[in-house]
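This report describes selected structural features of one protein chain. Please consult the sequence and the three-dimensional structure while reading the sections below.

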Amino acid sequence: MSTRTNLPSWQKLEALANERGAISAQFREDPHRADNFCSAACGIRLDYSKTAINAAVREQLLTLAEDCKLASMMQAMRHGDKINSSEQRAVLHIALRDRQGNFAADYGSGIYSQVQEQLANLARISEAVRNGQWRGHTGKSIRQVVNIGIGGSDLGPRMVCDALRDYNRGGPKAYFASNVDETHLPTILQGLNPEETLFSISSKTFTTQETMCNARLARAWLMAHYQDDSAIAAHCIAVTSNVEAATEFGIDAANLLSFWEWVGGRFSLWSTIGFPIAAALGYERFCELLDGAHDMDQHFFSAEWAENLPILLALAGIWHNNFCGYHTLGVIPYNDALSLLPMYLQQLDMESNGKSIDRDGLAVDYATGPVLWGQNGSNGQHAFFQSLHQGTQVVPLEIVFALHRETNNPQQHRILLANLFAQSNAFMAGQPAAEGEPYTEYPGDKPNIVVALDELTPRRLGALVALYEHKIFVQGVVWNINSFDQWGVQLGKRLANEIGTDFSNPPANLDPGTLALIAWVDHQLTK
């Protein structure tokens, strides 16, 4: 029997879901609903009033979290227990942004000192790049940093650098190469001067196939210009735990940034993986990002659950996914600077909670992580919003935006906000069809949650990302799954290595369809 669906709180929520009425009716029944279903902390306002969650539903959701031992799991994370049970690892990204050691008594002073040591190394190298002390092989300053990584070693730093691009004042421009496609990195390198370029090779093992393919391509690009092995040390650093492999590549051991096995890839932007952020925006701005995440950590561990932003956002997702039957989630930012947020959250959420086996090794009999997708709202309104408004699938939305108190074009910014307000209202309230025109009906009753930042700064962005990290953790606890491993990515990697590059002799254990596809491709490439 399921460890979750037999809980009384779960069964009460199923009954409440069957009885739920239209969202708009909730506002008629409770004139103070907009205030009663809104909470704020760390410069972020969470408005979940345009959902079918009422007081009874919220109470049972909080009871469900309690029944699922959320409090003890929060403590286990904070104390550095090995809650990543399948890999026997702690989950301590909270330690990476605990610059004052507020939680160090829980997870240990040894970890705190190690983190501070690596932050000092990050500051040393990033500031040397920014102030011109780091010189290329011919003595020129660095004007561009190319980060070579994939997954968490790419998406987090790339999203932050894009979101905070207005803070890049005088720093090198950051580029990101992740795709193993042979055209990706060369396209980035076109027009770059090797004498002013620094590569940051980010791979915990220094063996990740895609990353190392691009790293070798970057090395060849440098060698074609310099014809001198010693140039590699002046134009490459590594963020890795594999010192031997990095030094064999030609990187100076003094220019290695380390991190630990308990730093999961999709939670790693707070670590030395954040080098491109510190180099492009400045180490001080990177620290502000850490401080914002720590603000949210403190809120998460101390706030009452009924006012706790990560817990409320997580439970709203549980309500939609498990009790309303909505198994997708759209993240819609209404700031162009946050355009990469949906892609970043897609990995963070789906790699964490896309699981069907629970912590007890049993197949779950309920929905877990939703399919997450999205795009910035201005573009989405002229693309997929048609389906969201009038299609047959109900997709809950999380609409994210940041206020701009100072803007060069306040009227245009107000137009953007007007569109946000209009869409949030239209999804929930809908509109009846005009007489004789059934195609003009908007059914409405489409839930949407608004996540509003009071400003888009490094500190607020840090808090926003930590909000989503903790949301995902809470949902994993309720679903009784391990949010911190990712075994689902391993099979494809292993098969790719077995197939190799000699398509004339593929492994016989592949299915007939794939063998036929390989044979056709091999024929096309060799004819």
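Which residues does Asp47 touch, not counting residues up to four places away in sequence?

## Surroundings of Asp47

In this predicted model, Asp47 touches Phe37, Cys38, Asn448, Ile449 and Val450, leaving aside residues up to four places away in sequence. Asp47 belongs to strand β2, which covers residues 44-47. The side chain of Asp47 is joined to that of Ser49 by a polar contact of 2.7 Å.

The relative accessible area of Asp47 is 10%. Asp47 is therefore classed as buried, because the term applies under 20% relative accessible area.

## Charges over aromatic rings

## Aromatic pairs and a phenylalanine cluster

A total of 16 aromatic pairs is found in the structure. One of them is formed by Phe300 and Phe301, with 5.2 Å from centre to centre and 55° between the planes. This pair is classed as tilted, because an angle under 30 degrees would count as stacked and one over 60 as edge-to-face.

Phe300 and Phe301 also belong to one aromatic cluster together with Phe103, Phe267, Phe473 and Phe484. Phe300 has a relative accessibility of 0% and counts as buried. Phe301, at 15% relative accessibility, counts as buried too.

## The parallel sheet

An open sheet is built from 5 strands in the order β4-β3-β5-β6-β7, with parallel pairing. Its edges are β4 (173-177) and β7 (256-257). Each edge strand has a single partner strand, so one side of each is left without a neighbour in the sheet.

Strand β6, residues 236-239, runs parallel to β7 and is joined to it by 2 bridges. In one of these strands, β7, Leu256 is the bridge partner of Ala238. Helix α11 (residues 209-226) lies across β3 (144-148), β4, β5 (197-202) and β6. The helix runs at about 160° to β5.

## Loop residues with positive phi

Lys69 is not a glycine, yet it has a positive phi of about 65°. Lys69 is located in the loop between α4 (55-67) and α5 (70-78). Its relative accessible area is 54%, and Lys69 is therefore exposed, because that class begins over 50%.

Gln88 is likewise not a glycine and has a positive phi of about 50°. Gln88 lies in the loop that connects α5 with α6 (93-96). Is Gln88 buried or partly exposed? With a relative accessibility of 48%, Gln88 counts as partly exposed.

Gly444 is found in the loop between α20 (410-429) and β11 (448-453). Its relative accessible area is 6%, and Gly444 is buried.

The residues that Gly444 touches, not counting those up to four places away in sequence, are Ala426, Phe427, Met428, Ala429 and Gly430. Gly444 and Met428 are 16 residues apart along the chain, and their C-alpha atoms are separated by 4.9 Å.

Conventions: Residues numbered from 1 in each chain as written. Predicted model: local features only at pLDDT ≥ 70, side-chain atom pairs only at ≥ 80, totals over all residues. Heavy atoms only, no water. Phe/Tyr/Trp six-rings, centres within 6.5 Å; stacked < 30°, edge-to-face > 60°. Buried < 20%, exposed > 50% of the residue type's maximum accessible area, 1.4 Å probe, protein only. Helix = DSSP H or I, 4+ residues; strand = E, 2+ residues; numbered from the N terminus. Polar contact = N/O pair within 3.5 Å; in protein donor to acceptor, adjacent residues only side chain to side chain. Contact = heavy atoms within 4.5 Å. Pairing = 2+ DSSP bridges. Axes fitted to C-alpha atoms, helices over the stretch in contact; angles between N-to-C directions.
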